Amino acid sequence: MGRTIEEFASAHQLPLRWVELRNTCRQLAGRVDFWYRADLRDAVRPPAVEASDILHSSLKRRGLPAPGGMLQASPQKPDEASRGNYESADPPQTGPGKAKKLSLTRAHDAYMRRAIGLARVALANGDTPVGSLVIHKGKIIAEGFEAVHMQVDVSGHAELIAIRNACSALQSFDLSGCTLCTTAEPCFMCSYAVRQTRISKVIIGRPTPWVGGISSLHPILTEAQIPGWGQPPDIVSGVLEAECCALVSQANPGFTVGTAWRK
Ligand SMILES: [Zn+2]
């Protein structure tokens, strides 16, 4: 207890490279934290663009496909996939019902593909592959990927990080009118944050076993009777569910996510 990392490594005869790697990881974690907490407050440049740039370079270094690239590879509508430009993916408020529904589905898919890209970053970091983003007026204003292990922070869930960044970007605890898109059903902790910030809509990829805010025995994400919480958000579940489940199986070979949603 109380020893430095160098002393610990020396006592356990760990190679110097191990120490260097650990120090580098700590520095990177600090830089990512700075990006999330400080750069998103920069009012000069759109925060989503700033976040995307750093995410792109991070993915490039790791040899992973960038979210923009994944979206561009989508056969649906390439112009929707342009990084940082999701306005075209937003559904029109009026128009024929069928066309509106199709446009809505495409928008949900586009947002979820972005969230899956973030989840892949978490996976590469050794965390549970969950990615989340918050959309406000058709623009992504905040993003987050799971960072529990990377930051040694039990509250480092992707949804919570995205919500925290969205509050910072809007300088408000009130996220009414915002949409949270996340690859996994928000857990109790994240569902609490959704309700407290009054997020209006939640787009979900896959269920979360046992501790999900909808499918568990304590569905606080959809509970309408809690005083002061107002109406629960609209829920769109099962968006690109197979891809989101596949991420979990990739992280935990042999483990599959149940798909029984609570009605
Ligand atoms: Zn959570």
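Author: Residues up to four places away in sequence aside, H108 touches I203, V236 and V239; two residues are in contact if their C-beta atoms, placed from the backbone, lie within 7 Å. Residues are numbered from 1 along each chain as its sequence is written. The model is predicted: local features need pLDDT of at least 70, side-chain atom pairs count only at pLDDT 80 or more, and totals for chains, interfaces and linings use all residues.

H108 is found in helix 5; helices (H or I, at least four residues) and strands (E, at least two) are DSSP runs, numbered from the N terminus. H108 counts as buried because it has 22 C-beta neighbours inside 10 Å. The term buried requires 20 or more other C-beta atoms within 10 Å of a residue's own, exposed means 12 or fewer, and partly exposed lies in between, with C-beta atoms placed from the backbone. H108 and V236 are 128 residues apart along the chain, yet their C-alpha atoms are separated by 8.7 Å. For the chain as a whole, 57% of the contacts between residues at least 6 apart in sequence join residues at least 24 apart.

In soluble globular proteins, nonpolar side chains tend to be buried together.

V134 shows how several of these pieces meet. Residues up to four places away in sequence aside, V134 touches I141, A142, A162, I163, A166, L175, C178 and L180. The bridge partner of V134 in strand 2 is A142, while I135 stands opposite I140 of strand 2. Strand 1 and strand 2 run antiparallel and are joined by 6 bridges; two strands pair if DSSP finds at least two bridges between them. Strand 2 is mostly covered, with 6 of its 7 residues buried.

The hairpin of strand 1 and strand 2 has 2 residues between the strands. K137, which lies in the loop between these strands, has a positive phi of about 55° although it is not a glycine. K137 is exposed because it has 9 other C-beta atoms within 10 Å.

The strands belong to an open sheet of 5 strands in the order 2-1-3-4-5, with mixed pairing. Strand 2 and strand 5 (234-236) stand at the edges, each with a single partner strand, so one side of each lacks a neighbour in the sheet. The twist averages 20° from one strand to the next. Helix 6 lies across strand 1, strand 2 and strand 3, running at about 140° to strand 2. Helix 8 packs on the sheet as well, where it touches strand 3 and strand 4, and its direction makes about 60° with that of strand 4.

Helix 6 also packs against helix 7, at an angle of about 25° with the axes 9 Å apart; axes are lines fitted to C-alpha atoms, for helices over the stretch in contact, and angles run from 0 to 180 degrees between N-to-C directions. Helix 6 and helix 7 are therefore roughly parallel, since angles under 35 degrees count as roughly parallel, over 145 as roughly antiparallel, 65 to 115 as roughly perpendicular and the rest as oblique. Helix 6 passes helix 7 in a left-handed crossing, meaning that the near helix is turned anticlockwise from the far one by less than a right angle, whereas clockwise would be right-handed. E159, L160, I163 and C167 of helix 6 make the contact with M189, C190, A193 and T197 of helix 7.

Beyond helix 7, I199 occupies the loop between helix 7 and strand 4. I199 counts as buried because it has 26 C-beta neighbours inside 10 Å. Neighbours within four places in sequence aside, I199 is in contact with L175, C178, L180, V194 and P233.
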